[in-house]
Amino acid sequence: MMDHALRTISYIADIGTILVIMARRRPPRPQHEPGTEVTAGHRDKKQHKIICHVFEAEEAQLIAQSIGQCFQVAYQEFLRANGITEDHLSQMDYQEILNSQEIFHEDLEVFSNSENAKEVVIDKPKGEIMGLVIVESGWGSILPTVIIANMMHGGPAERSGKLNIGDQLMTINDTSLVGLPLHTCQGIIKGLKNHGKVRLNIVQCPPVTTVLVKRPDIKYQLGFSVQNGIICSLMRGGIAERGGVRVGHRIIEINGQSVVATAHEKIVSTLANSVGEIHMKTMPQSMYRLLTGQEQPIYI
């Protein structure tokens with residue numbers, strides 16, 4: 001059975017008769033022995049897992065639209081609670097704003113340029129791992145696949161001189177990685193250990209994603225939510241999705257100003273009060289933690 005609060009739903013998509021819903025859920029609290037003291041650090045550590053539900057039904061599109069309308073109603077209630085009048089809540093008005101905007105997506109430029117698509121052949125001794133760390137490109141990507149987040153110094157991937165952090169992997173030895181879960185892609189790469197030659201099709205991409213959200217007035221919802229600088233949910237069909245926002249990415253800059261060390265409340269306030277063209281730079285949270293030394297790489 002599925003039982004999720006609306007605010008925990010991170011992603012909704014309908015493809016024909018298939019409906020995909022992803023939601024954040026906090027694991028149950030660990031049970032402690034009576035008299036055991038729980039430290040503040042342990043108590044404050046918040047960890048969530050993502051649950052993915054896949055349904056097949058003729059009404060898939062209708063269900064997705066209904067959930068989207070629930071988000072819209074919740075946002076309207078939020079606006080009313082903050083003193084914005086009924087006159088400002090026209091759904092038609094918001095739709096006109098959407099229709100007036102071109103879809104800005106850095107991927108469109110990258111993938112439409114054939115010079116960015118490369119076939120790379122790597123020769124290596126059998127028994128040697130590739131020496132890669134990969135992460136997901138993020139929900140909201142035009143072509144969901146995996147990204148090179150780190151390379152082992154002196155490993156085959158780095159030695160080749162043909163790969164860079166940020167490159168998106170399309171195929172490995174003619175096996176497509178597009179749309180596959182991260183653990184499946186990791187398994188495919190681990191299986192290359194006993195191969196002497198590996199052929200990859202990649203799209204060269206910068207490690208930082210550029211986002212442009214156009215918001216003409218503060219009364220229009222941005223259509224995404226942030227927790228401690230990380231984009232944790234995205235409204236399907238909203239101005240954020242059109243602007244290239246991706247779930248699971250960490251916000252690095254807002255309108256040219258670094259927010260890496262900025263408090264959560266300040267980031268939320270900055271976004272909530274921004275109008276016009278909102279320029280952001282983001283990257284996958286896992287990549288950010290690797291590049292800043294907050295996580296140790298596990299090479300495959």
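## Salt bridges

In this predicted model, a search of the whole structure finds four salt bridges. Three of them are described below.

## Arginine 199 and its partners

Arginine 199 and glutamate 119 meet through their side chains in a salt bridge, at 3.9 Å from N to O. Arginine 199 lies in strand 9 (residues 197-203) and glutamate 119 in strand 4 (residues 117-123), so this pair ties together parts that are 80 residues apart in sequence. That distance of 3.9 Å counts because the cut-off for a salt bridge is 4 Å between the side-chain nitrogen and the carboxyl oxygen.

A salt bridge also links arginine 199 to aspartate 174, with the closest N and O atoms 2.6 Å apart. Aspartate 174 sits in the loop between strand 7 (168-172) and strand 8 (175-176), while arginine 199 is in strand 9, so the parts tied together here are 25 residues apart in sequence. Through shared partners, the salt bridges join Glu119, Asp174 and Arg199 into one network.

Arginine 199 is partly exposed, its relative accessible area being 28%. Glutamate 119 is exposed, at 53% relative accessibility. Aspartate 174 is exposed as well, at 61%. The values for glutamate 119 and aspartate 174 count as exposed because the cut-off is over 50%.

## Arginine 159 and glutamate 128

Another salt bridge is formed by the side chains of arginine 159 and glutamate 128, at 3.1 Å from N to O. Arginine 159 belongs to helix 5 (residues 156-160), and glutamate 128 to the loop between strand 4 and strand 5 (132-136), so the pair ties together parts that are 31 residues apart in sequence.

Arginine 159 is partly exposed, with a relative accessible area of 44%. Glutamate 128 is partly exposed too, at 22% relative accessibility. The latter value, 22%, falls in the partly exposed class because buried means under 20%.

## Histidine 249

Histidine 249 lies in strand 13 (residues 249-254). The residue is buried, with a relative accessible area of 1%.

Which residues does histidine 249 contact, leaving aside its neighbours within four places in sequence? The list runs as follows: Ser137, Gly138, Thr209, Gly229, Ile230, Ile231, Thr282, Met283, Pro284 and Gln285.

Notes
Residues are numbered from 1 along each chain as its sequence is written. This is a predicted model: local features need pLDDT of at least 70, side-chain atom pairs count only at pLDDT 80 or more; totals for chains, interfaces and linings use all residues. Side-chain values use heavy atoms; hydrogens and water are left out. Helices (H or I, at least four residues) and strands (E, at least two) are DSSP runs, numbered from the N terminus. Buried means under 20% relative accessible area, exposed over 50%, partly exposed in between (1.4 Å probe, protein chains only). Contact means heavy atoms within 4.5 Å.
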